[in-house]
Amino acid sequence: PIFVAETTREIMSTTTGLFEAQGFFSPYRNLEDAKIALRDGDYDHAITQSTGCLESVMRCIHEELSEPLPSSKDITGLWKSTRNLLGFDEMEPTGSAVQLMNVLSGTASAIGGLRNSLGDAHGKGIVPPEVSENIAELSINICATMSTMIIRRHVQLQRGIET
């Protein structure tokens, strides 16, 4: 395998630091497992664990806010609910961030599809799909970055900061 990009290491370090600071231990473990899987060339597992990290973050947010999980507990349903709970669409007064939030909705859905088709969450079968190291690293980066954004927004709202 090629070496892990410095940006990936920085993203994972920042995100795991936020997990520790906020007591989000389940997503912390998922991200650590994804990092180990990437290092060991177990790319399908890296995809599964990075997706699990993002899902765990959103579940933790619901628990911290004493909000029920959405009826659709897949990653897309969790994102829609988390987006509403944290008021992501209202973050930017001109509304220009709404387009970005819509893109992230598609991204969350694509990450779920990636886990279903390339991850090992549903078993491997006789001939597992070929998984690229690049796609596994991208999955980790996307999930860690979205997790960071979610946690930072949650902390902002806890402190009474609206934007």
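The legends below describe close-up views of a predicted model.

**View 1. Helix 2 packs against helix 6.** In this view, helix 2, which covers residues 25-39, and helix 6, which covers residues 133-158, pack at an angle of about 160 degrees, and their axes are 11 Å apart. Because angles over 145 degrees count as roughly antiparallel, helix 2 is described as roughly antiparallel to helix 6. The contact is formed by Leu 31, Ala 34 and Leu 38 on the side of helix 2, and by Glu 133, Ala 136, Glu 137, Ile 140 and Ala 144 on the side of helix 6. Sorted by class, the residues of this contact comprise 6 nonpolar and 2 charged ones, with no polar residue among them. The crossing of helix 2 past helix 6 is left-handed.

**View 2. Helix 5 packs against helix 6.** Here helix 5, residues 97-118, meets helix 6 at an angle of about 135 degrees, with the two axes 11 Å apart. Helix 5 and helix 6 are therefore oblique to each other, and helix 5 passes helix 6 in a left-handed crossing. Helix 5 contributes Met 101, Leu 104, Thr 107, Ala 108, Ile 111, Leu 114 and Leu 118 to the contact, while helix 6 contributes Ile 135, Ser 139, Ile 142, Cys 143, Met 146 and Met 149. By class, this contact of helix 5 with helix 6 has 11 nonpolar and 2 polar residues, and no charged ones.

View 3. Leaving out neighbours within four places in sequence, His 45 is in contact with Ala 37 and Asp 120; although His 45 and Asp 120 are 75 residues apart along the chain, their C-alpha atoms are separated by 5.6 Å. Not counting residues up to four places away in sequence, Ser 50 touches Ala 34, Ser 139, Ile 140 and Cys 143.

**View 4. Helix 4 has buried residues that pack against other helices.** The buried residues of helix 4 are Ile 75, Gly 77, Leu 78, Trp 79, Ser 81, Thr 82 and Arg 83. These buried residues pack against helix 3, helix 5 and helix 6. Helix 4 is followed by Gly 87, which has a positive phi, near 60 degrees.

**View 5. Ser 66 has a positive phi.** Ser 66 lies in the loop between helix 3 and helix 4, and at 65% relative accessibility Ser 66 counts as exposed. The phi of Ser 66 is near 55 degrees, a positive value in a residue other than glycine. As background for this view, most residues other than glycine have a negative phi.

Methods:
Residues are numbered from 1 along each chain as its sequence is written. This is a predicted model: local features need pLDDT of at least 70, side-chain atom pairs count only at pLDDT 80 or more; totals for chains, interfaces and linings use all residues. Side-chain values use heavy atoms; hydrogens and water are left out. Contact means heavy atoms within 4.5 Å. Axes are lines fitted to C-alpha atoms, for helices over the stretch in contact, and angles run from 0 to 180 degrees between N-to-C directions. Helices (H or I, at least four residues) and strands (E, at least two) are DSSP runs, numbered from the N terminus. Angles under 35 degrees count as roughly parallel, over 145 as roughly antiparallel, 65 to 115 as roughly perpendicular and the rest as oblique. A crossing is left-handed if the near helix is turned anticlockwise from the far one by less than a right angle, and right-handed if clockwise. Ala, Val, Leu, Ile, Met, Phe, Trp, Tyr, Cys and Pro count as nonpolar, Asp, Glu, Lys and Arg as charged, and the others, Gly among them, as polar. Buried means under 20% relative accessible area, exposed over 50%, partly exposed in between (1.4 Å probe, protein chains only).
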